[in-house]
Amino acid sequence: MVGQKIPLSAPDITEAEINAVVDVLKTPQLSLGPKLPQFEQLISKYIGVKHAIAVNSGTSALHLIVRSLGISEGDEVITTPFSFVASANCLLFERAKPIFVDIDPVTLNIDTTKIEVKITDKTKAILGVDLFGLPADWLRLQSIAKEHKLKLIEDSCEALGAELNGQKAGTFADAGCFAFYPNKQITTGEGGVIVTDDEEIAALCRSMRNQGRSEQGQWLQHERLGYNYRLSDINCALGVAQMQRIDELLNKRDKVAEMYNQRLKDVQALRLLTSAPGAKRSWFVYVVILEDGYSQSDRDNILQKLQAKGIGCSDYFSPIHLQPFYISMGYKQGDFPAVEKIAQRTIALPFFNNLNEKQIDYVVSTLKPLL
Ligand SMILES: *Cc1c(COP(=O)(O)O)cnc(C)c1O
């Protein structure tokens with residue numbers, strides 16, 4: 001199989017998706033047509049919320065949530081450094097300050113025991129992330145938020161279909177969001193959605209995604225500062241086709257993860273992703289963590305050797321506070337030891353719905369001798 005490349009991720013696109021997109025192209029409504037509300041309704045019904053507002057990326061969804069909660073200059077928002085950079089950048093967009101709290105080394109989500117000492121009179125909200133498809137400890141986050149009168153934001157961009165105590169991820173905060181880049185559980189090419197039960201947040205997000213227009217007003221009347229964060233009907237049609245087979249898509253991901261788990265569970269050098277009490281992970285990436293004895297350069301060597309054998313792999317994620325422009329803001333190595341220790345030893349292996357057993361065997365048999 002050498003020479004044949006296995007990508008890190010790949011979307012699951014069938015004739016149904018292709019036809020759905022082509023059908024839109026045969027109509028005059030490429031944007032703000034019937035596919036937008038259809039996609040939003042499929043999302044809101046599946047998640048179990050009153051409102052779903054589709055936008056052009058997960059980052060846009062986060063930005064609109066932050067704005068709709070009135071988070072602004074000087075406000076502090078508690079969040080995790082172990083995430084995709086957008087979950088902290090959305091605060092910087094509004095000149096608010098991300099206050100990072102280290103992670104729980106087992107779940108890899110924010111360590112809720114370390115939050116309360118970081119709360120000041122500037123703290124406005126907690127932005128929790130359901131990392132790698134595993135819900136954060138939302139019951140604890142909810143009680144901290146209630147006690148300190150803070151808003152809650154749920155970044156569920158990696159967790160469509162995940163659950164905590166039978167309740168869907170994305171529903172635990174004032175507003176939640178999902179993303180639909182091609183490596184996510186479902187894709188619209190690019191895209192995202194805000195989900196909420198809050199009438200006011202929903203109305204603000206709908207207006208701000210569409211240049212600050214009001215829903216009833218004239219096209220060239222702008223009630224507030226807005227953006228063009230609209231998701232086209234072409235993208236929405238793709239999303240509809242994906243949502244129509246969401247259970248199938250998630251089952252395929254579970255099966256691929258299970259094939260890896262079976263083959264890797266007895267490998268001494270590796271720690272596999274685990275669950276948390278009451279939580280059901282929605283598989284997003286398949287990440288393994290090298291045990292304590294390994295260094296970052298050991299990990300990077302392994303990544304390089306896997307890549308040389310045609311295996312797509314990556315270091316998922318570098319901590320946000322150590323990204324170059326966060327370092328220029330004053331963060332440094334040593335600020336959050338738990339996340340730093342783990343992040344330098346992660347390996348994301350190829351993971352996508354149609355990854356087959358033969359490919360998984362090849363990945364595993366290539367990886368094992370490198371350990
Ligand atoms: C993918 C992702 C986002 C949003 O990504 P976009 O590329 O803007 O759609 C936000 N947060 C997390 C944790 C993500 O994984």
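Is threonine 196 buried or exposed? Threonine 196 is buried, because its relative accessible area is 2%, where buried means under 20% relative accessible area, exposed over 50%, and partly exposed in between, computed with a 1.4 Å probe on protein chains only. Before going further, note that this is a predicted model, in which local features need pLDDT of at least 70 and side-chain atom pairs count only at pLDDT 80 or more, while totals for chains, interfaces and linings use all residues. Residues are numbered from 1 along each chain as its sequence is written, and side-chain values use heavy atoms, with hydrogens and water left out.

**Stop 1: threonine 196 and its strand**

Keep threonine 196 selected and display strand S9, residues 192–196, in which it is placed. Helices (H or I, at least four residues) and strands (E, at least two) are DSSP runs, numbered from the N terminus.

**Stop 2: the ligand**

Which residues are the closest? Of the 13 residues that surround the ligand, the closest are Gly58, Thr59, Asp155, Glu158 and Lys184. Colour this shell by class to find five nonpolar, five polar and three charged residues. In this scheme Ala, Val, Leu, Ile, Met, Phe, Trp, Tyr, Cys and Pro count as nonpolar, Asp, Glu, Lys and Arg as charged, and the others, Gly among them, as polar. Helix H3, residues 58–68, contributes the most to the shell, with three residues.

- Aspartate 155: an N or O atom of its side chain is 2.8 Å from a nitrogen atom of the ligand.
- Glutamate 158: an N or O atom of its side chain is 2.6 Å from an oxygen atom of the ligand.
- Lysine 184: an N or O atom of its side chain is 2.8 Å from an oxygen atom of the ligand.

The ligand taken alone exposes 380 Å², and the protein buries 92% of that; accessible areas come from the Shrake-Rupley method with a 1.4 Å probe, and for residues only the protein chains shown count as cover.

**Stop 3**

Select alanine 145, found in helix H5, residues 138–147. Alanine 145 counts as buried, at 5% relative accessibility.

**Stop 4: aromatic rings**

Select the rings of Phe, Tyr and Trp (its six-membered ring), which pair if their centres lie within 6.5 Å; planes under 30 degrees apart count as stacked, over 60 as edge-to-face and the rest as tilted. How many aromatic pairs are there? The count comes to 18 aromatic pairs. One is formed by tryptophan 283 and tyrosine 286, which is stacked because the ring centres are 5.5 Å apart and the planes are at 20°. Tryptophan 283 is buried at 11% relative accessible area, and tyrosine 286 is buried at 1%.

Move to phenylalanine 325 and tyrosine 326, where the centres are 4.7 Å apart and the planes at 55°, so the pair is tilted. Phenylalanine 325 is partly exposed, at 40% relative accessible area, whereas tyrosine 326 is buried at 0%. Then select Phe82, Phe84, Phe132, Phe284, Tyr316 and Phe317, which form one aromatic cluster.

**Stop 5: cysteines**

Select the cysteine sulfur atoms. A disulfide is a pair of these within 2.5 Å, and the count comes to zero disulfides. Cysteine 90 is buried, at 0% relative accessibility. For cysteine 236, the closest cysteine sulfur is in cysteine 205, at 16 Å, again too far for a bond; cysteine 236 is also buried, at 0%.

**Stop 6: two final selections**

Select isoleucine 78 in strand S2, residues 76–79. Isoleucine 78 is buried, with a relative accessible area of 0%, and its C-alpha is 5.8 Å from that of phenylalanine 100, 22 residues apart in sequence.

Finish at arginine 95, in the loop between helix H4 (86–92) and strand S3 (97–100). Arginine 95 counts as exposed, at 61% relative accessibility.

Definitions and conventions:
A residue is near a molecule or strand if one of its heavy atoms lies within 4 Å of it. A polar contact is a pair of N or O atoms within 3.5 Å; within protein, one must be able to donate a hydrogen and the other to accept it, and residues adjacent in sequence count only if both atoms are side-chain atoms.
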